[in-house]
Amino acid sequence: MGITQVGVRTKILDAVREVHKKEWDVGSLQAMEKHSLRASEMTVILANVSKHLTFIRSSGLICTEAPEHVNEPLEFLQDVTEAEGMELFSKEAVEGVQSLSEELNTVKTHISKIKAKVSNNSARPDCR
């Protein structure tokens, strides 16, 4: 993230860790009617998704690096069920990322098609 001060990095990583340890609440999402988005609203949503993914990648990096620093597995892992839980949530996260990637690629494709139509219409000379 470009932050070089160790104390600031530690505070940010601690905060990210705390946020991502909390349970996710579906109620935090606003209910939206189908097809009710305008381009400006969709831009804000996609910017928000992008920003959240930055935080999620930071959390993923923490989880990627943590096992590399484990010298005593029994101090890290108290019970095999903890490992099973981590494996399950890792699998679910990978499936979620793959699904999200497909959805966002679909959005990108649709937006590109709409953009092309707008570009073609604005490039035509006005015939009156």
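Biologist: What is the mean pLDDT of the protein?

Modeller: This is a predicted model, and its mean pLDDT is 84, with 86% of the residues at 70 or more.

Biologist: Why is H1 called roughly perpendicular to H2?

Modeller: H1 packs against helix H2 (residues 39-65) at an angle of about 100 degrees, and the axes are 10 Å apart. Angles of 65 to 115 degrees count as roughly perpendicular. H1 is therefore roughly perpendicular to H2.

Biologist: Which residues make the contact?

Modeller: H1 contributes Leu-13, Val-16, Arg-17 and His-20, while H2 contributes Phe-55, Ile-56, Ser-58, Ser-59 and Ile-62. By class, this contact has five nonpolar, three polar and one charged residues.

Biologist: What lines the second largest pocket?

Modeller: The lining has 13 residues, and those nearest the centre are Arg-9, Leu-13, Leu-61, Ile-62 and Glu-65. H1 and H2 are the elements that give two or more residues to this lining. By class, the lining has seven nonpolar, three polar and three charged residues.

Biologist: How much space lies in the second largest pocket?

Modeller: The second largest pocket holds about 380 Å³ of space.

Definitions and conventions:
Residues are numbered from 1 along each chain as its sequence is written. This is a predicted model: local features need pLDDT of at least 70, side-chain atom pairs count only at pLDDT 80 or more; totals for chains, interfaces and linings use all residues. Side-chain values use heavy atoms; hydrogens and water are left out. pLDDT is the predictor's confidence in each residue, from 0 to 100. Axes are lines fitted to C-alpha atoms, for helices over the stretch in contact, and angles run from 0 to 180 degrees between N-to-C directions. Helices (H or I, at least four residues) and strands (E, at least two) are DSSP runs, numbered from the N terminus. Angles under 35 degrees count as roughly parallel, over 145 as roughly antiparallel, 65 to 115 as roughly perpendicular and the rest as oblique. Contact means heavy atoms within 4.5 Å. Ala, Val, Leu, Ile, Met, Phe, Trp, Tyr, Cys and Pro count as nonpolar, Asp, Glu, Lys and Arg as charged, and the others, Gly among them, as polar. On a 1 Å grid over the protein atoms alone, a cavity is a set of points where a 1.4 Å probe fits but cannot get out, and a pocket is an open set with protein on both sides within 12 Å along at least five of seven lines; lining residues have an atom within 4 Å of a point. Grid points are joined across faces, edges and corners, and a volume is the space filled by probe spheres set on the points.
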